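Hi,

Here is the structure I said I would pass on.

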Amino acid sequence: MGIVDVVSEYCSLPRTRRHLKKRKQFQTVEMKVLIDCEGCERKVRKALEGMSGVTSVDVAARQHKVTVTGHVDAGKVMRRVAYKTGKRVEPWPYVPYDMVAHPYAPGAYDKKAPPGYVRNVVADPTAAPLARASSTEVRLNDKSVESW
């Protein structure tokens, strides 16, 4: 056994892949959580900041919106919030007003939505048929576009 064999033995990579850990993709998870007070906000923030892979936590209490960024799994984040806080958690159901073709159609408009947001009818197949414009709305919209 020569010196090259001894050195290569110490510098070699592990032969099995179990030592290599696959890292999750960096993503942003948005969810809707009912936040009543500062204590609820603190409880949600504390539950998420202790989780591995979380880079930042943003809690918008007035909108009942929690945004988590990092190398995390969306399902695990939502389950953790539900388990640690005892609150109902659902994916963020709203999109900005500009993203929907007809924001005031019955399926898209939601009184509970924060200002500037409407329900995401593209992702929600049950609301999509309702979010079409009526023939009157289409006609009025075409006339307003022509007048520009």
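**Salt bridges, a pocket and a threonine**

Arg88 comes out as exposed, at 68% relative accessibility (buried means under 20% relative accessible area, exposed over 50%, and partly exposed in between, using a 1.4 Å probe and protein chains only). Its side chain meets that of Glu90 in a salt bridge, 2.8 Å from N to O, and Glu90 is partly exposed at 23%.

Before going on, some housekeeping. This is a predicted model, so local features need pLDDT of at least 70 and side-chain atom pairs count only at pLDDT 80 or more, while totals for chains, interfaces and linings use all residues. Residues are numbered from 1 along each chain as its sequence is written, and side-chain values use heavy atoms, with hydrogens and water left out.

Back to the charged pairs. Side chains of opposite charge can pair when their charged atoms come close. I count a salt bridge when a side-chain nitrogen of Lys or Arg is within 4 Å of a carboxyl oxygen of Asp or Glu, and that rule gives three of them.

Another one joins Glu30 and Lys65, with the closest N and O atoms 3.3 Å apart. This pair links distant parts of the chain: Glu30 sits in strand β1 (residues 27–33) and Lys65 in strand β3 (residues 65–70), 35 residues apart. (Helices, H or I with at least four residues, and strands, E with at least two, are DSSP runs numbered from the N terminus.) Glu30 is partly exposed at 35%, whereas Lys65 is buried at 10%.

Then there is Arg45 with Glu41, at 3.5 Å from N to O. Both are in helix α2 (residues 38–49), and because they are four residues apart, about one helical turn separates them. Arg45 is partly exposed at 25%, as is Glu41 at 22%.

Strand β3 also holds Thr69, which is buried at 15% relative accessibility. Its side chain makes a 2.4 Å polar contact with that of Ser56 (a pair of N or O atoms within 3.5 Å; within protein, one must be able to donate a hydrogen and the other to accept it, and residues adjacent in sequence count only if both atoms are side-chain atoms). Leaving aside neighbours within four places in sequence, Thr69 is in contact (heavy atoms within 4.5 Å) with residues including Phe26, Thr28 and Gly53.

Finally, which residues line the largest pocket? They are Arg23, Lys24, Met51, Ser52, Gly53, His71, Val72, Asp73 and Lys76. A pocket here is an open set of points on a 1 Å grid over the protein atoms alone, where a 1.4 Å probe fits, with protein on both sides within 12 Å along at least five of seven lines; lining residues have an atom within 4 Å of a point.

Cheers
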